[in-house]
Amino acid sequence: MKKKMFAAMMAAVLAVTGLTGCGSSASEQKAQDQAQADVPTEPFGDAVKYDPSVAINDGKDITVELWEWGSDDLFQKVIDGYTAIHPNVTIKLVNNPWEDYWTKLPLALDGEKGPAIFNVHNSYHENLINYMAPLDIPLEDLQADFTGVDAHVIDGNVYYIDYGMMTGSVYYNKAMWEAAGLTENDIPKTWDEFREVAKKLTIKDGDKLVQAGLNFNDDFHQNYLLGLNYQMGENLFKEDGKTPNIDSDAMKKTMQMLVDMYEVDGVGSKDFGEKGADSFGQGQSAMVIQWGHYYNTLKTTWSNIDFGVFEIPTFDGNPYAYNRYNGESTFGVNKNAPADQQAVAQDFVKYFLANDEAQVEFNLAMSTFPAKKSLASNEKILENPSLKVLAEHIDHYIWPGPMPSTVETSLKKAGQDVFFNGVDIDSAFAEAQANIEKDMKNSSFVSVENLYAYAE
(Lines give C-alpha, C1' and ligand atoms only; values in the text may rest on other atoms or scores of the structure.)
Protein backbone atom coordinates (compact mmCIF):
# COMPACT_ATOMS: atom_id res chain seq x y z
CA MET A 1 0.00 0.00 0.00
CA LYS A 2 2.78 2.43 0.91
CA LYS A 3 4.59 1.94 -2.37
CA LYS A 4 1.38 2.26 -4.31
CA MET A 5 0.36 5.47 -2.57
CA PHE A 6 3.81 6.98 -3.05
CA ALA A 7 3.70 6.03 -6.71
CA ALA A 8 0.27 7.62 -6.98
CA MET A 9 1.57 10.88 -5.57
CA MET A 10 4.60 10.84 -7.85
CA ALA A 11 2.42 10.14 -10.86
CA ALA A 12 0.32 13.17 -10.09
CA VAL A 13 3.41 15.35 -9.74
CA LEU A 14 4.63 14.17 -13.15
CA ALA A 15 1.21 14.89 -14.58
CA VAL A 16 1.43 18.47 -13.39
CA THR A 17 5.04 19.15 -14.39
CA GLY A 18 5.25 17.11 -17.62
CA LEU A 19 4.52 18.45 -21.09
CA THR A 20 1.30 17.45 -22.72
CA GLY A 21 1.12 16.54 -26.37
CA CYS A 22 -0.58 18.72 -28.96
CA GLY A 23 -4.33 18.19 -28.96
CA SER A 24 -4.25 16.16 -25.69
CA SER A 25 -6.54 17.19 -22.84
CA ALA A 26 -5.26 17.44 -19.28
CA SER A 27 -7.32 14.40 -18.28
CA GLU A 28 -5.89 12.36 -21.17
CA GLN A 29 -2.36 13.20 -20.06
CA LYS A 30 -3.25 12.23 -16.49
CA ALA A 31 -4.69 8.97 -17.74
CA GLN A 32 -1.45 8.19 -19.57
CA ASP A 33 0.55 8.89 -16.41
CA GLN A 34 -1.81 6.72 -14.39
CA ALA A 35 -1.40 3.84 -16.79
CA GLN A 36 2.37 4.01 -16.30
CA ALA A 37 2.19 4.26 -12.52
CA ASP A 38 1.43 1.63 -9.90
CA VAL A 39 -1.64 3.36 -8.50
CA PRO A 40 -3.82 1.44 -6.03
CA THR A 41 -6.49 -0.63 -7.71
CA GLU A 42 -7.74 -2.66 -4.73
CA PRO A 43 -9.96 -1.32 -1.94
CA PHE A 44 -8.08 -0.07 1.14
CA GLY A 45 -8.99 1.07 4.61
CA ASP A 46 -10.58 -0.52 7.67
CA ALA A 47 -14.32 -0.12 8.25
CA VAL A 48 -14.24 3.01 6.10
CA LYS A 49 -13.01 1.55 2.82
CA TYR A 50 -12.09 3.28 -0.39
CA ASP A 51 -12.50 1.52 -3.73
CA PRO A 52 -10.28 3.16 -6.39
CA SER A 53 -11.94 1.18 -9.18
CA VAL A 54 -15.17 3.17 -8.92
CA ALA A 55 -15.32 5.89 -11.57
CA ILE A 56 -15.97 9.45 -10.44
CA ASN A 57 -18.33 11.70 -12.43
CA ASP A 58 -18.69 8.90 -14.98
CA GLY A 59 -15.10 9.55 -16.02
CA LYS A 60 -15.93 13.03 -17.31
CA ASP A 61 -13.62 15.94 -16.52
CA ILE A 62 -14.56 17.97 -13.46
CA THR A 63 -12.86 20.67 -11.39
CA VAL A 64 -13.53 21.48 -7.75
CA GLU A 65 -11.89 23.79 -5.23
CA LEU A 66 -10.50 22.89 -1.81
CA TRP A 67 -10.04 25.85 0.55
CA GLU A 68 -7.58 25.74 3.44
CA TRP A 69 -5.57 28.18 5.54
CA GLY A 70 -2.07 26.73 5.36
CA SER A 71 0.17 23.67 4.86
CA ASP A 72 -0.14 23.68 1.08
CA ASP A 73 2.31 20.83 0.58
CA LEU A 74 0.43 18.61 3.02
CA PHE A 75 -2.91 19.10 1.29
CA GLN A 76 -1.37 18.86 -2.17
CA LYS A 77 0.02 15.40 -1.44
CA VAL A 78 -3.44 14.08 -0.68
CA ILE A 79 -4.84 15.80 -3.76
CA ASP A 80 -2.09 14.34 -5.93
CA GLY A 81 -2.74 10.84 -4.64
CA TYR A 82 -6.44 11.17 -5.30
CA THR A 83 -6.16 12.66 -8.79
CA ALA A 84 -3.63 10.02 -9.80
CA ILE A 85 -6.41 7.50 -9.23
CA HIS A 86 -8.98 9.74 -10.92
CA PRO A 87 -7.22 11.69 -13.69
CA ASN A 88 -10.50 13.24 -14.81
CA VAL A 89 -10.71 15.15 -11.50
CA THR A 90 -8.88 18.42 -10.91
CA ILE A 91 -8.82 19.75 -7.35
CA LYS A 92 -7.69 23.34 -7.16
CA LEU A 93 -6.08 24.15 -3.81
CA VAL A 94 -6.90 27.65 -2.57
CA ASN A 95 -4.94 29.01 0.38
CA ASN A 96 -6.38 31.76 2.55
CA PRO A 97 -4.59 33.27 5.56
CA TRP A 98 -6.20 32.20 8.85
CA GLU A 99 -7.26 35.75 9.70
CA ASP A 100 -9.11 36.07 6.35
CA TYR A 101 -10.38 32.50 6.02
CA TRP A 102 -13.23 32.76 8.51
CA THR A 103 -14.57 35.91 6.90
CA LYS A 104 -14.28 34.79 3.29
CA LEU A 105 -15.41 31.17 3.66
CA PRO A 106 -18.96 31.72 5.05
CA LEU A 107 -19.57 34.36 2.38
CA ALA A 108 -18.41 31.99 -0.35
CA LEU A 109 -20.48 29.08 1.00
CA ASP A 110 -23.58 31.25 1.07
CA GLY A 111 -23.53 31.47 -2.73
CA GLU A 112 -23.44 28.97 -5.56
CA LYS A 113 -19.74 29.29 -6.37
CA GLY A 114 -18.18 28.42 -3.03
CA PRO A 115 -15.59 25.62 -2.67
CA ALA A 116 -16.95 22.08 -2.77
CA ILE A 117 -14.41 21.02 -0.13
CA PHE A 118 -13.12 23.16 2.71
CA ASN A 119 -10.96 22.79 5.78
CA VAL A 120 -12.85 22.94 9.08
CA HIS A 121 -11.89 24.08 12.58
CA ASN A 122 -14.38 23.22 15.31
CA SER A 123 -14.02 26.65 16.97
CA TYR A 124 -16.00 27.99 13.98
CA HIS A 125 -18.60 25.22 14.09
CA GLU A 126 -21.59 27.55 14.46
CA ASN A 127 -20.43 29.66 11.50
CA LEU A 128 -20.14 26.69 9.15
CA ILE A 129 -22.55 23.93 10.11
CA ASN A 130 -25.54 25.36 8.21
CA TYR A 131 -23.54 25.24 4.97
CA MET A 132 -22.36 21.64 5.35
CA ALA A 133 -23.71 18.43 3.84
CA PRO A 134 -23.64 15.32 6.05
CA LEU A 135 -20.90 12.84 5.21
CA ASP A 136 -22.03 10.02 2.96
CA ILE A 137 -20.35 7.38 5.12
CA PRO A 138 -22.23 4.98 7.43
CA LEU A 139 -22.08 6.19 11.04
CA GLU A 140 -21.18 2.73 12.31
CA ASP A 141 -18.12 2.65 10.02
CA LEU A 142 -16.90 6.01 11.32
CA GLN A 143 -17.47 4.86 14.90
CA ALA A 144 -15.55 1.65 14.28
CA ASP A 145 -12.50 3.44 12.89
CA PHE A 146 -12.28 6.74 14.78
CA THR A 147 -12.32 7.93 18.38
CA GLY A 148 -14.77 10.66 19.39
CA VAL A 149 -17.24 10.29 16.54
CA ASP A 150 -20.30 10.31 18.81
CA ALA A 151 -19.51 13.87 19.89
CA HIS A 152 -20.03 14.98 16.27
CA VAL A 153 -23.40 13.33 15.65
CA ILE A 154 -26.23 15.81 14.95
CA ASP A 155 -29.68 14.29 14.47
CA GLY A 156 -28.10 11.06 13.30
CA ASN A 157 -25.75 12.74 10.83
CA VAL A 158 -22.03 13.51 10.92
CA TYR A 159 -20.71 16.55 9.05
CA TYR A 160 -17.05 16.28 10.06
CA ILE A 161 -14.99 14.38 12.61
CA ASP A 162 -11.54 14.66 14.17
CA TYR A 163 -8.59 13.08 12.42
CA GLY A 164 -6.32 13.98 15.35
CA MET A 165 -6.48 15.01 19.01
CA MET A 166 -4.30 17.71 20.56
CA THR A 167 -3.78 18.36 24.26
CA GLY A 168 -1.23 19.67 26.73
CA SER A 169 1.99 18.03 27.93
CA VAL A 170 4.99 19.19 29.92
CA TYR A 171 8.06 20.27 27.94
CA TYR A 172 11.31 20.45 29.88
CA ASN A 173 14.82 21.66 29.09
CA LYS A 174 17.12 18.62 29.30
CA ALA A 175 20.27 20.64 29.97
CA MET A 176 18.63 22.47 32.87
CA TRP A 177 17.18 19.21 34.12
CA GLU A 178 20.62 17.57 34.18
CA ALA A 179 22.27 20.64 35.75
CA ALA A 180 19.77 20.42 38.60
CA GLY A 181 20.81 16.83 39.25
CA LEU A 182 17.55 15.39 37.96
CA THR A 183 17.18 12.16 35.98
CA GLU A 184 14.35 10.39 34.18
CA ASN A 185 13.48 8.80 37.53
CA ASP A 186 12.49 12.27 38.73
CA ILE A 187 9.73 12.74 36.14
CA PRO A 188 6.84 13.84 38.40
CA LYS A 189 3.51 12.03 38.39
CA THR A 190 1.64 14.29 40.79
CA TRP A 191 1.35 18.06 41.17
CA ASP A 192 3.10 17.95 44.55
CA GLU A 193 6.06 16.18 42.94
CA PHE A 194 5.92 18.61 40.04
CA ARG A 195 6.19 21.62 42.35
CA GLU A 196 9.23 20.14 44.07
CA VAL A 197 10.94 19.53 40.72
CA ALA A 198 10.13 23.10 39.64
CA LYS A 199 11.85 24.41 42.77
CA LYS A 200 15.01 22.47 41.93
CA LEU A 201 14.98 23.91 38.41
CA THR A 202 14.68 27.52 39.64
CA ILE A 203 17.77 29.74 39.80
CA LYS A 204 17.88 33.12 41.55
CA ASP A 205 20.50 35.80 42.07
CA GLY A 206 19.39 37.12 45.43
CA ASP A 207 15.74 38.02 44.88
CA LYS A 208 16.18 38.25 41.13
CA LEU A 209 14.81 35.36 39.10
CA VAL A 210 17.45 34.15 36.62
CA GLN A 211 15.89 30.86 35.51
CA ALA A 212 12.24 30.00 36.05
CA GLY A 213 11.52 26.44 37.04
CA LEU A 214 8.08 26.83 35.48
CA ASN A 215 6.52 29.51 33.29
CA PHE A 216 2.80 29.66 32.52
CA ASN A 217 2.55 33.32 31.53
CA ASP A 218 -0.08 34.14 28.89
CA ASP A 219 -1.54 30.64 28.55
CA PHE A 220 -2.43 29.50 32.08
CA HIS A 221 -6.11 29.56 31.13
CA GLN A 222 -5.63 27.09 28.27
CA ASN A 223 -3.27 24.63 29.91
CA TYR A 224 -4.38 24.68 33.54
CA LEU A 225 -7.77 26.32 34.19
CA LEU A 226 -9.47 24.67 31.20
CA GLY A 227 -8.42 21.13 32.02
CA LEU A 228 -7.33 20.41 35.57
CA ASN A 229 -10.95 20.64 36.70
CA TYR A 230 -11.44 17.24 35.06
CA GLN A 231 -8.76 15.71 37.27
CA MET A 232 -10.97 16.64 40.24
CA GLY A 233 -14.09 15.20 38.65
CA GLU A 234 -15.69 18.50 37.59
CA ASN A 235 -16.85 19.23 34.05
CA LEU A 236 -16.62 22.66 32.43
CA PHE A 237 -20.40 22.69 32.03
CA LYS A 238 -23.20 21.64 34.33
CA GLU A 239 -25.60 18.77 33.72
CA ASP A 240 -27.72 20.71 31.24
CA GLY A 241 -24.64 21.03 29.02
CA LYS A 242 -25.20 24.76 28.57
CA THR A 243 -24.51 26.40 31.92
CA PRO A 244 -20.78 27.03 32.53
CA ASN A 245 -19.24 25.56 35.66
CA ILE A 246 -16.53 28.19 36.12
CA ASP A 247 -17.23 29.57 39.61
CA SER A 248 -16.41 26.16 41.06
CA ASP A 249 -14.21 24.62 43.74
CA ALA A 250 -12.02 22.87 41.16
CA MET A 251 -11.40 26.03 39.15
CA LYS A 252 -10.53 28.04 42.24
CA LYS A 253 -8.28 25.29 43.60
CA THR A 254 -6.37 25.28 40.31
CA MET A 255 -6.04 29.05 40.34
CA GLN A 256 -4.80 29.01 43.92
CA MET A 257 -2.17 26.43 42.97
CA LEU A 258 -0.94 28.70 40.18
CA VAL A 259 -0.71 31.65 42.56
CA ASP A 260 1.14 29.54 45.13
CA MET A 261 3.64 28.23 42.59
CA TYR A 262 4.69 31.80 41.80
CA GLU A 263 4.18 33.57 45.12
CA VAL A 264 4.94 30.78 47.63
CA ASP A 265 7.22 28.37 45.78
CA GLY A 266 8.88 31.19 43.82
CA VAL A 267 9.41 29.02 40.73
CA GLY A 268 8.36 31.77 38.33
CA SER A 269 6.88 35.22 38.08
CA LYS A 270 4.11 37.00 36.20
CA ASP A 271 6.80 39.51 35.18
CA PHE A 272 9.35 36.96 33.94
CA GLY A 273 8.64 37.10 30.21
CA GLU A 274 5.31 37.96 28.67
CA LYS A 275 4.84 34.47 27.20
CA GLY A 276 5.95 31.25 28.84
CA ALA A 277 6.30 29.50 25.49
CA ASP A 278 8.77 32.13 24.27
CA SER A 279 10.67 32.12 27.56
CA PHE A 280 11.23 28.38 27.29
CA GLY A 281 12.37 28.67 23.68
CA GLN A 282 14.79 31.43 24.64
CA GLY A 283 16.37 29.23 27.29
CA GLN A 284 15.11 31.22 30.28
CA SER A 285 12.54 28.80 31.72
CA ALA A 286 12.98 25.11 32.47
CA MET A 287 9.41 23.83 32.10
CA VAL A 288 6.21 24.82 30.32
CA ILE A 289 2.93 23.08 29.64
CA GLN A 290 2.00 23.45 25.98
CA TRP A 291 -0.24 21.78 23.45
CA GLY A 292 1.09 19.49 20.75
CA HIS A 293 1.72 22.21 18.18
CA TYR A 294 4.55 23.45 20.41
CA TYR A 295 6.63 20.43 19.44
CA ASN A 296 6.80 21.69 15.86
CA THR A 297 7.49 25.24 17.07
CA LEU A 298 10.49 24.03 19.05
CA LYS A 299 11.78 21.99 16.12
CA THR A 300 11.61 24.95 13.74
CA THR A 301 11.87 28.20 15.70
CA TRP A 302 14.02 27.13 18.67
CA SER A 303 15.86 24.12 17.31
CA ASN A 304 18.82 24.73 19.65
CA ILE A 305 16.76 23.68 22.70
CA ASP A 306 17.26 20.05 23.70
CA PHE A 307 13.91 19.20 25.24
CA GLY A 308 11.98 16.28 26.62
CA VAL A 309 8.26 15.73 27.10
CA PHE A 310 6.22 14.05 29.82
CA GLU A 311 2.52 13.64 30.51
CA ILE A 312 0.76 16.27 32.56
CA PRO A 313 0.80 15.46 36.32
CA THR A 314 -2.35 14.65 38.29
CA PHE A 315 -3.48 15.43 41.82
CA ASP A 316 -3.81 11.86 43.04
CA GLY A 317 -2.48 9.61 40.27
CA ASN A 318 -5.94 8.28 39.44
CA PRO A 319 -7.83 11.11 37.76
CA TYR A 320 -11.36 11.10 36.37
CA ALA A 321 -9.63 12.50 33.26
CA TYR A 322 -6.16 13.94 32.65
CA ASN A 323 -7.16 17.05 30.75
CA ARG A 324 -9.26 18.24 27.84
CA TYR A 325 -8.32 17.86 24.20
CA ASN A 326 -9.34 19.56 21.01
CA GLY A 327 -9.62 17.94 17.63
CA GLU A 328 -8.13 18.78 14.27
CA SER A 329 -11.07 18.40 11.92
CA THR A 330 -11.60 16.65 8.62
CA PHE A 331 -12.89 18.44 5.55
CA GLY A 332 -16.40 19.77 5.11
CA VAL A 333 -18.62 19.32 2.05
CA ASN A 334 -20.47 22.36 0.74
CA LYS A 335 -24.19 21.55 0.53
CA ASN A 336 -24.71 24.45 -1.87
CA ALA A 337 -22.20 23.17 -4.42
CA PRO A 338 -23.51 21.53 -7.60
CA ALA A 339 -24.42 17.87 -7.16
CA ASP A 340 -21.52 16.60 -9.28
CA GLN A 341 -19.03 18.63 -7.23
CA GLN A 342 -20.55 17.39 -3.98
CA ALA A 343 -20.12 13.83 -5.19
CA VAL A 344 -16.40 14.44 -5.76
CA ALA A 345 -16.09 16.11 -2.37
CA GLN A 346 -17.77 13.18 -0.59
CA ASP A 347 -15.51 10.73 -2.40
CA PHE A 348 -12.41 12.76 -1.54
CA VAL A 349 -13.30 12.80 2.19
CA LYS A 350 -13.74 9.01 2.14
CA TYR A 351 -10.37 8.64 0.40
CA PHE A 352 -8.73 10.80 3.07
CA LEU A 353 -10.24 8.84 5.96
CA ALA A 354 -9.34 5.44 4.51
CA ASN A 355 -5.78 6.47 3.63
CA ASP A 356 -3.52 5.58 6.58
CA GLU A 357 -0.51 7.32 5.08
CA ALA A 358 -2.40 10.58 4.79
CA GLN A 359 -3.69 10.19 8.34
CA VAL A 360 -0.17 9.69 9.68
CA GLU A 361 1.24 12.62 7.70
CA PHE A 362 -1.49 15.01 8.81
CA ASN A 363 -1.14 14.01 12.46
CA LEU A 364 2.62 14.34 12.42
CA ALA A 365 2.40 17.72 10.71
CA MET A 366 -0.05 19.00 13.34
CA SER A 367 1.49 17.01 16.21
CA THR A 368 -1.87 15.47 17.04
CA PHE A 369 -2.58 11.96 18.26
CA PRO A 370 -4.46 9.98 15.60
CA ALA A 371 -8.19 9.61 16.10
CA LYS A 372 -7.97 6.57 13.83
CA LYS A 373 -7.80 3.71 16.30
CA SER A 374 -5.62 1.45 14.16
CA LEU A 375 -2.84 4.08 14.18
CA ALA A 376 -2.50 4.35 17.97
CA SER A 377 0.65 2.20 17.91
CA ASN A 378 2.01 3.40 14.57
CA GLU A 379 5.82 3.59 14.71
CA LYS A 380 6.06 7.00 13.07
CA ILE A 381 3.50 8.43 15.47
CA LEU A 382 5.32 7.10 18.52
CA GLU A 383 8.63 8.55 17.30
CA ASN A 384 7.18 11.97 18.17
CA PRO A 385 7.71 12.32 21.95
CA SER A 386 4.80 14.72 22.38
CA LEU A 387 2.51 12.00 21.00
CA LYS A 388 4.18 9.02 22.62
CA VAL A 389 3.51 10.35 26.13
CA LEU A 390 -0.22 10.41 25.35
CA ALA A 391 -0.51 6.87 24.02
CA GLU A 392 -1.26 5.12 27.32
CA HIS A 393 -4.03 7.42 28.54
CA ILE A 394 -5.39 9.07 25.38
CA ASP A 395 -8.85 7.67 26.15
CA HIS A 396 -8.79 9.59 29.45
CA TYR A 397 -8.88 13.03 27.85
CA ILE A 398 -12.16 14.89 27.31
CA TRP A 399 -13.45 17.06 24.49
CA PRO A 400 -16.07 19.49 25.84
CA GLY A 401 -17.27 20.34 22.35
CA PRO A 402 -16.80 23.46 20.20
CA MET A 403 -17.32 25.82 23.12
CA PRO A 404 -17.67 29.56 22.44
CA SER A 405 -14.50 31.65 22.71
CA THR A 406 -15.89 33.58 25.68
CA VAL A 407 -15.01 30.62 27.93
CA GLU A 408 -11.30 31.05 27.22
CA THR A 409 -11.22 34.84 27.11
CA SER A 410 -13.21 35.23 30.34
CA LEU A 411 -10.99 32.77 32.20
CA LYS A 412 -7.87 34.51 30.93
CA LYS A 413 -9.22 37.83 32.20
CA ALA A 414 -10.01 36.24 35.58
CA GLY A 415 -6.44 35.03 35.97
CA GLN A 416 -4.98 38.34 34.87
CA ASP A 417 -7.17 40.16 37.38
CA VAL A 418 -5.85 37.92 40.14
CA PHE A 419 -2.18 38.28 39.17
CA PHE A 420 -2.08 41.90 38.03
CA ASN A 421 -5.04 43.74 39.49
CA GLY A 422 -5.25 42.43 43.06
CA VAL A 423 -8.69 40.84 42.59
CA ASP A 424 -9.39 37.93 44.93
CA ILE A 425 -9.97 34.53 43.37
CA ASP A 426 -13.61 34.21 44.46
CA SER A 427 -14.56 37.57 42.94
CA ALA A 428 -12.60 36.99 39.72
CA PHE A 429 -14.26 33.64 39.04
CA ALA A 430 -17.73 34.87 39.98
CA GLU A 431 -17.29 37.63 37.40
CA ALA A 432 -16.03 35.15 34.79
CA GLN A 433 -19.07 32.94 35.40
CA ALA A 434 -21.43 35.88 34.95
CA ASN A 435 -19.69 37.08 31.78
CA ILE A 436 -19.76 33.66 30.15
CA GLU A 437 -23.42 33.11 31.01
CA LYS A 438 -24.25 36.50 29.49
CA ASP A 439 -22.23 35.87 26.31
CA MET A 440 -23.70 32.38 25.84
CA LYS A 441 -27.30 33.42 26.39
CA ASN A 442 -28.18 33.00 22.71
CA SER A 443 -25.62 30.32 21.88
CA SER A 444 -26.74 26.95 20.55
CA PHE A 445 -23.74 25.25 22.15
CA VAL A 446 -24.35 22.11 24.20
CA SER A 447 -21.43 20.34 25.86
CA VAL A 448 -20.60 16.77 24.84
CA GLU A 449 -18.78 15.99 28.08
CA ASN A 450 -21.51 13.45 28.89
CA LEU A 451 -20.23 11.35 25.97
CA TYR A 452 -16.85 10.83 27.65
CA ALA A 453 -16.28 7.08 27.90
CA TYR A 454 -15.78 7.23 31.66
CA ALA A 455 -18.45 9.85 32.42
CA GLU A 456 -19.94 9.44 35.88
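Predicted model: local features only at pLDDT ≥ 70, side-chain atom pairs only at ≥ 80, totals over all residues.

**Helix packing and aromatic pairs**

Author: The axes of helix 14 and helix 15 (residues 356–366) come within 5 Å and cross at roughly 80°. That makes helix 14 roughly perpendicular to helix 15 (65 to 115 degrees). Axes are lines fitted to C-alpha atoms, for helices over the stretch in contact, with angles from 0 to 180 degrees between N-to-C directions. Helices are DSSP runs of H or I, at least four residues, numbered from the N terminus.

Reader: Which residues in helix 14 and helix 15 meet?

Author: Phe-352, Leu-353 and Ala-354 of helix 14 touch Asp-356, Ala-358, Gln-359 and Phe-362 of helix 15 (heavy atoms within 4.5 Å).

Reader: Helix 14, buried or exposed?

Author: Largely enclosed by the rest of the structure, because 12 of its 16 residues are buried (under 20% relative accessible area, 1.4 Å probe, protein chains only). Among them are Phe-348, Tyr-351 and Phe-352.

Reader: Switching to aromatics. How many pairs?

Author: The whole structure has 40 aromatic pairs (ring centres of Phe, Tyr or Trp, its six-membered ring, within 6.5 Å). Phe-216 and Tyr-262 are stacked, 4.0 Å centre to centre with 10° between the planes (under 30 degrees counts as stacked).

Reader: What about burial of Phe-216 and Tyr-262?

Author: Both Phe-216 and Tyr-262 are buried.

Note on methods: Residues numbered from 1 in each chain as written. Heavy atoms only, no water. Buried < 20%, exposed > 50% of the residue type's maximum accessible area, 1.4 Å probe, protein only. Helix = DSSP H or I, 4+ residues; strand = E, 2+ residues; numbered from the N terminus. Parallel < 35°, antiparallel > 145°, perpendicular 65-115°, else oblique. Phe/Tyr/Trp six-rings, centres within 6.5 Å; stacked < 30°, edge-to-face > 60°.
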